[in-house]
Amino acid sequence: MRRGPLLLTFLSGAAIAALFFIPHYRAQAANSMLLEWTLVVYAFALILGSISLWNSHARKVRNRAEGWGFSVVTLVSLLAITALGVWKGVGEGTPVDWIYNTVNSPLASTMFALLAFVIASAAFRAFRARSVEATLLLVTAIVMMIGRVSIGELISHRLPGITEWLLDVPNLAAKRAIAIGVGLGAVSTALKIILGIERSYLGRS
Amino acid sequence: MTWVRQLLAIDRRIIFLLVGAGAALPLLFPLNLPVAVTPRVRAAYDAIDALPPGSKVLLSMDYEPDIMAELFPMSVAVLRHCFRKHVQVIAMTLYPAGTGLGERAISTAAKAEGAVLNRDYAWLGYKSGFQVVMIGIGENLRGMYPVDFYGTPLDSIPVTRHVNSYAQLQMVINLSGSSAADYWIQFAQGRYHAPLVIGCTAVMATDYYPYLSSKQLLGLIGGMKGAAEYERLIDTFGDARRGMDAQSLVHLIVVGLVIVGNAALFISKRSGGDGGGPASGSMTR
C-alpha cells in the first residue's frame, strides 16, 4: 500500500534535485512547470489552512470550550476581513488597509515589544553566575549588551572593538561549524526520505 | 539578610516600570548618542552607493509588524539612499502582512526624496512561496508578477519594462526577519549569481557573517543598530537613531539588574542564606 507514495516521493525528489543541476532548456522548462505546480499546491494549502482554522474554532464555540470567546473573535475577523477584501479591495485607502494600519500593525508590534519587559525580568531572576560556564556566559553577555549599543562607545572606546572581535572570531567559528553540520544533516535527511529509508512522514501503518 | 531577600524577590512590576521608563524617556527627550559605523554596514552602503544612476535593484521587504521597529527604519534608509542615487527600485514582499508596511516604507522614502511611482520605483506587492518566487523571478519575472500591486502590467511601467530576471538587475536587497534571507542567498545569489545585500534583525545577524566573509553577501545591515548606522551614513536622523537611544538605556538597565541580582546572590550566600533559592518557577514572576 505504501509503494505508491514512496515511488512518488522518490521520483519527485530525484527529478527536482536533478533538474537543479541540468542547464538544458527542456530540463529548465520542466523545472519551471514543476514550480508552477508548487504555486498551485500553495494556493490549496491556503484554502486547507482556512478551512482547518474555521473548523477548529467553530468546534470550540459549539462546545463552549475554555476561551471560546476568543474563537468567536477569530471567526468574525476571518469573515469580515475576507469579505471586505473581496468587496472593497486591499489597496491604499481601503477598509482592509485601515484595519491593517490601526489594528493589526499596532497589535503585532505590541506583542513583540512585551518581550523587552519579560526578558528584563527573566534576566534578573535567572541570569546567575552559579558556575564557571555560567559566569563566562554572563560576562560575555554583559560586554555584548553594552558594547553593541551607542552608550558602549561612551563608556569605553574599546568596547565596540571587543564585541566585534567576539562576533568575528569565536562566534563566526561556531556559526560556520553549525552551518556545515546543518547542511550535511539536511542532505542526509533528504536522501533518506527520497530513498525511502525515512518513512515517518507517511504516518503510522 | 532581609534586604537581600527582598531585593531577590523584587516585584516584577518594578522591573517593568524601569524598562518602560528606559524605553520611553529617550524617545521623548532624545540623547543623540553617537553611532559608530561597523564594516558590515559600511560594505552594504558602499555597494549601493557604487551603483550608477539608472541601475535597477530588487528590494524584498520580507517582514511583518512584529519586527517593524528594526526593519522599517532600515527599509526607509535604504530606499532613501537608492532614490538619492537615482537607482530604480522594484520592491516586493513575501509576507502577506508585509504589504502595508512595504507600501508605507516606499511612500515615506519617496516623499522625502521626491521619487515618483513607476518612474523611480515599482511596487509589486505580495506573492506567496519563498523559493518558488525567487526561482520564478530568475526564470521569468512576468510569470510571477504579470501586473504590479495596483494592477498595471509590468510592460507599461518604465522601471520594470526591460526587466525579466535577475540578469537585468544590478542588485538584490533583502530586508528580512525570517528564513527568507537564507533562501535569497541560496537561490538569488547561489543559483543566479545576483549581487546580494541582506538586512535582518539583530538576533539573526550573526547567522549571516559566514556568507559575508565568503563574499556571497556584499553587505549586512543588522538590527536597529545597523539601521541607525545606515541613517548616519546617509546623513539622516530617523527612527533607528532615535530608537538606539532607548535601546542603549534599556540594555544598561538590564545589565544593571543582572549585576544587582548577582551581587545580592553573592551576599546572600556569604551570609549563609540559600541565595534566594534556585531560579525556579516562572522567570517572569
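**A predicted model of two chains, A and B**

The end C-alpha atoms of residues 249-268 of chain B lie 28 Å apart, and this span is 100% helix and 0% strand. The model is a predicted one, and it scores ipTM 0.77 and pTM 0.83.

Chain A carries the same annotation in several places. According to its unreviewed UniProt entry, "transmembrane region" covers residues 39-56, 68-87, 107-127, 134-156 and 176-195 of chain A. Two of these spans can be followed in the model. Residues 39-56 of chain A are 100% helix and 0% strand, with end C-alpha atoms 25 Å apart. Residues 176-195 of chain A are 95% helix and 0% strand, and here the end C-alpha atoms are 29 Å apart. Chain A is also divided into domain 1 (1-88), domain 2 (89-115) and domain 3 (127-198). Taken over C-alpha atoms, the centres of domain 2 and domain 3 of chain A are separated by 34 Å.

Next comes the place where the chains meet. The contact takes 47 residues from chain A and 49 residues from chain B. On the side of chain A that touches chain B, the elements giving two or more residues are helix 2 (25-62), helix 4 (95-126), helix 5 (132-147), helix 6 (150-155) and helix 7 (159-194) of chain A. Helix 4 of chain A gives the most to this side, with 19 residues. Sorted by class, the side of chain A that touches chain B has 28 nonpolar, 10 polar and 9 charged residues.

Helix 4 of chain B has 17 residues and reaches 23 Å from its first C-alpha to its last, close to the 24 Å expected at 1.5 Å a residue. This helix is mostly covered, with 16 of its 17 residues buried. Just after helix 4 of chain B, His86(B) takes a positive phi of about 60°.

Leu101(B) sits in helix 5 (residues 98-113) of chain B. Why is Leu101(B) counted as buried? Leu101(B) is buried because 23 other C-beta atoms lie within 10 Å, and the cut-off is 20 or more. Leaving aside neighbours within four places in sequence, Leu101(B) is in contact with Met61(B), Tyr63(B), Pro65(B), Met68(B) and Phe72(B). The C-alpha atoms of Leu101(B) and Gly114(B), 13 residues apart along the chain, are separated by 19 Å.

Helix 8 (residues 180-191) of chain B has 12 residues and reaches 15 Å from its first C-alpha to its last, close to the 16 Å expected at 1.5 Å a residue. Its buried residues are Ala180(B), Ala181(B), Tyr183(B), Trp184(B), Phe187(B), Ala188(B) and Gln189(B). What covers them includes strand 1 (56-62), helix 6 (130-139), strand 4 (171-176) and strand 5 (196-200) of chain B. Just after helix 8 of chain B, His193(B) takes a positive phi of about 55°.

Last, there is the matter of confidence. The mean pLDDT of chain B is 90, and 95% of its residues reach 70 or more. In chain B, confidence is highest in strand 5, at 97, and lowest in helix 1 (residues 2-8), at a mean of 82. Over residues 278-285 of chain B pLDDT stays under 50, and the model has 12 contacts beyond four places in sequence for them. Where pLDDT is low, the predicted coordinates should not be read in detail.

How values were computed: Residues are numbered from 1 along each chain as its sequence is written. Chains are lettered from A and ligands numbered from 1 in the order in which they are written. This is a predicted model: local features need pLDDT of at least 70, side-chain atom pairs count only at pLDDT 80 or more; totals for chains, interfaces and linings use all residues. Helices (H or I, at least four residues) and strands (E, at least two) are DSSP runs, numbered from the N terminus. Two residues are in contact if their C-beta atoms, placed from the backbone, lie within 7 Å. Ala, Val, Leu, Ile, Met, Phe, Trp, Tyr, Cys and Pro count as nonpolar, Asp, Glu, Lys and Arg as charged, and the others, Gly among them, as polar. Domain bounds come from an automatic or database domain assignment. The expected span of a helix is 1.5 Å times one less than its number of residues. A residue is buried if 20 or more other C-beta atoms lie within 10 Å of its own, exposed if 12 or fewer, and partly exposed in between; C-beta atoms are placed from the backbone. pLDDT is the predictor's confidence in each residue, from 0 to 100. UniProt positions are given in the numbering used here, feature names are shortened, and annotations may be inferred rather than shown by experiment.
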